[in-house]
Amino acid sequence: MTDAAPKRPPAPPIWMPTGGRGALLFWGGLCAVLAALLVWSYGGWVSQEKAARLLRDQEQILGAENQQLRAQIDKLQGQLAQEGNLLKSREQVLQAATQTLQAVQAQTEQQGQQSAAARQAQNDLHVALTKAFVSQDGVTVWTEGDAVRVRILDGALFDSTDPGPNKQGAAFLHKLAEVAKEAPAAEILVESYMDTPPAKGKPAAMFNPWDLSLRRGNAVARALAEATDPVRVSLRPYGAAKPLSAADHGKNRRIELTLHPLAK
């Protein structure tokens, strides 16, 4: 029996040298290539790390700037909201002022119309009274303020010291009542005046200056009240007070009317 021949180790690949100087060069070159690849990979990693760090830094910077911009935007929005509220308040104030001005203008216009109507009513009443009594002795008609005044001396209504009107006085009061109907007054004030007590021999109670002025004024006020509205007529007897003249007693014995025209 023959011995088996020893097995030979497998032959190395043809691209790998088997030993000697060629193997040294091969392995040295391979190590150099691997080292170069390692260096290149490390350099790429370092570059990527730097780029990543730079990106992180820029991201942080951009985040800070973004926060600042957001803060500025919030501040601007707050200011804009305040200015909007202020503008709204100013618009409300302006609107209120405009409404107030319009109300004042309307009131002024209304007052102007009322004043014009009152002046017209005063003029109509003055003309009516003047026309009615232009030929009547002892009667004076004039305007004073917003009223029409009428002064009637004693002789145009009464005889001597009689408390009631005479025939001429009754006709006068009738005409006065007709004028008051055509040109009504909002208020009619009747003021009656006397002077000193009359001659001796007459009943003192009947010729007391205040009492006599009351009776005469009441006769005139009653005639006007019956012709118009009693609520609008008032009476003030003064007796011998407030004389017009110290010498002419005829001027002191009088009836004075103050008529405030009723505007239509």
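Buried residues make up 23% of the 264 residues in the protein, where buried means under 20% relative accessible area, exposed over 50% and partly exposed in between (1.4 Å probe, protein chains only). This is a predicted model, in which local features need pLDDT of at least 70, side-chain atom pairs count only at pLDDT 80 or more, and totals for chains, interfaces and linings use all residues. Residues are numbered from 1 along each chain as its sequence is written, and side-chain values use heavy atoms, with hydrogens and water left out.

Start with the whole chain in cartoon view. The protein has four helices and five strands, in the order α-β-β-α-β-α-β-α-β along the sequence. Helices (H or I, at least four residues) and strands (E, at least two) are DSSP runs, numbered from the N terminus.

Next, select residues 167-182, which form helix α2. From first C-alpha to last, these 16 residues reach 23 Å, close to the 22 Å expected at 1.5 Å a residue; the expected span is 1.5 Å times one less than the number of residues.

Now show the side chains of Gly169, Phe172, Leu173, Leu176, Ala177, Val179 and Ala180, the buried residues of α2. They lie on the same side of α2 because they cover an arc of only 160° around the axis, taken from the directions from the helix axis to the C-beta atoms. Turn to the other side of α2 for Lys167, His174 and Glu182, which are exposed.

Last, select Asn166 and Gln168. Asn166 caps the N-terminal end of α2, with a side-chain oxygen 3.3 Å from the backbone nitrogen of Gln168.

Terms used:
A polar contact is a pair of N or O atoms within 3.5 Å; within protein, one must be able to donate a hydrogen and the other to accept it, and residues adjacent in sequence count only if both atoms are side-chain atoms.
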